[in-house]
Amino acid sequence: MDQREQAILAVERTVEASVALRKHLVSTERTGRKMISALRRGVPISKSVEATGACPAELRQSSHDLIAEFEHCRHEMRAAFLLPSLDEGMTIGEISRTLGVSRQLASRLVKEARETSPLVSK
């Protein structure tokens, strides 16, 4: 698979992770509103999540998992774009300005991308 196809797949995975996370966030917003309503009705704070029909442990774990997956996809997408950008002639300084990060961070991200990219021979 060439770099362009790898970048496309990375963007697609990031979009899919974003959609899943967004759906979850909308669901947790609804739960939060139900919690507020329960609290206003006098439900004890310790029982406010259960009063919505949600399981606190499941909410926490699913939130954690979806955020972690989104961050992982975003990280892979960034790596899929960094190495081709270098191949196309961008400098570390240009990459840092494009990403809005320090030159040191851009350099570290490129190094990390080189270490983890399946297309780079080690």
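A salt bridge is a side-chain nitrogen of Lys or Arg within 4 Å of a carboxyl oxygen of Asp or Glu, and a search of the whole structure finds three of them. This is a predicted model, in which local features need pLDDT of at least 70 and side-chain atom pairs count only at pLDDT 80 or more, while totals for chains, interfaces and linings use all residues. Residues are numbered from 1 along each chain as its sequence is written, and side-chain values use heavy atoms, with hydrogens and water left out.

**View 1. The whole chain, for orientation.** Welcome to a protein chain with four helices and zero strands (helices, H or I, are DSSP runs of at least four residues, strands, E, of at least two, numbered from the N terminus). Its C-alpha atoms fill a box of roughly 65 × 30 × 20 Å along the principal axes. Of the 122 residues, 25% count as buried (buried means under 20% relative accessible area, exposed over 50%, partly exposed in between, with a 1.4 Å probe and protein chains only).

View 2. Glu76 is partly exposed at 30% relative accessible area, and Arg13 is partly exposed at 35%.

View 3. Glu71 counts as partly exposed, with 37% relative accessibility, and so does Arg74, with 34%.

**View 4. Helix α4 and its buried face.** Which residues of α4 are buried? They are Ala106, Leu109, Val110 and Ala113. Seen down the axis of α4, the buried residues fall within an arc of 100°, so they line one face of the helix (the arc is that of the directions from the helix axis to the C-beta atoms). They pack against α2 (56-87) and α3 (92-99) (contact means heavy atoms within 4.5 Å).

**View 5. The other side of α4.** Gln104, Arg108 and Lys111 are exposed here. Lys111 forms a salt bridge with Glu115, the closest N and O atoms being 3.9 Å apart.
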